[in-house]
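Student: I am new to this structure and would like to learn how to read its salt bridges and helix packing. Could you walk me through it?

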Amino acid sequence: REALNNLGNVYLVLGELTKARDMYGRVAARYPNFAEAHYNLGLVAARQGDHREAIGHFERACQLQEDAEFYFEMGNARVGVGELPQAADAYRRAVRMKSGDVRYLYNLAEVLLILGERQVQAGRTAEGMESWREARPYLQQVVRQVPGYGRAAERLRQLEGRGKREQ
């Protein structure tokens, strides 16, 4: 199984997504409980723009093995189909498993900021403020870990400005 999976990885790196999908599909068919094959099928589907299919593969991978990267990619796929609350849940799980990964922290914060904005626009100001409050420490941690992460610092400044306006 590792040989076929690794061959799929080579195809994925080379951008040969059809061949990668074929290799990963063969692995998943022969070893249906091999989480990595489902995860990799999800990566291929996401790269091909089929986020709905990717979600199914990431969900299966997560059922088989708890892994922060699986949840992170599921969050990305859920963003791709506009399921922001579910994306936030997936990112939260990734952060709980691996709290120091700035990708997980930043994506969770970004989704929470967007959710907060939507909640405020819908007249649910208290909910929006709560989403923003939840996002703040994640952005602060990103900026502490990677001081040159300009986008995180900018979003943190915007967040602080929004909080003052909404109070």
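Tutor: R78 lies in helix α5 (residues 68-80) and E59 in helix α4 (residues 51-64), so the pair links distant parts of the chain, 19 residues apart. Helices here are DSSP runs (H or I, at least four residues), numbered from the N terminus. Please keep in mind that this is a predicted model, where local features need pLDDT of at least 70 and side-chain atom pairs count only at pLDDT 80 or more, while totals for chains, interfaces and linings use all residues. Residues are numbered from 1 along each chain as its sequence is written, and side-chain values use heavy atoms, leaving out hydrogens and water.

Student: What counts as a salt bridge?

Tutor: Side chains of opposite charge can pair when their charged atoms come close. The rule asks for a side-chain nitrogen of Lys or Arg within 4 Å of a carboxyl oxygen of Asp or Glu. By this rule the count comes to 16 salt bridges.

Student: Is R78 buried or exposed?

Tutor: Buried means under 20% relative accessible area, exposed means over 50%, and partly exposed is in between (1.4 Å probe, protein chains only). R78, at 11%, is buried, whereas E59, at 32%, is partly exposed.

Student: Which salt bridge does R78 form with E83, and which network includes them?

Tutor: The side chains of R78 and E83 meet at 2.3 Å, N to O. E83 is buried, with a relative accessible area of 17%. Salt bridges that share partners join R52, E59, R78 and E83 into one network.

Student: Which helices does the salt bridge of R103 and E69 link?

Tutor: The side chains of R103 and E69 meet at 2.8 Å, N to O. R103 is in helix α7 and E69 in helix α5, 34 residues apart. R103 is partly exposed at 36%, and E69 is buried at 18%.

Student: How do helix α6 and helix α7 pack?

Tutor: Axes are lines fitted to C-alpha atoms, for helices over the stretch in contact, and angles run from 0 to 180 degrees between N-to-C directions. Helix α6 (residues 84-97) and helix α7 (residues 102-121) pack at about 150 degrees, with axes 9 Å apart. That makes α6 roughly antiparallel to α7, as angles over 145 degrees count as roughly antiparallel.

Student: Which residues make that contact?

Tutor: With contact meaning heavy atoms within 4.5 Å, they include L84, P85 and A88 of α6 and Y104, L105 and N107 of α7.

Terms used: Helix = DSSP H or I, 4+ residues; strand = E, 2+ residues; numbered from the N terminus. Parallel < 35°, antiparallel > 145°, perpendicular 65-115°, else oblique.
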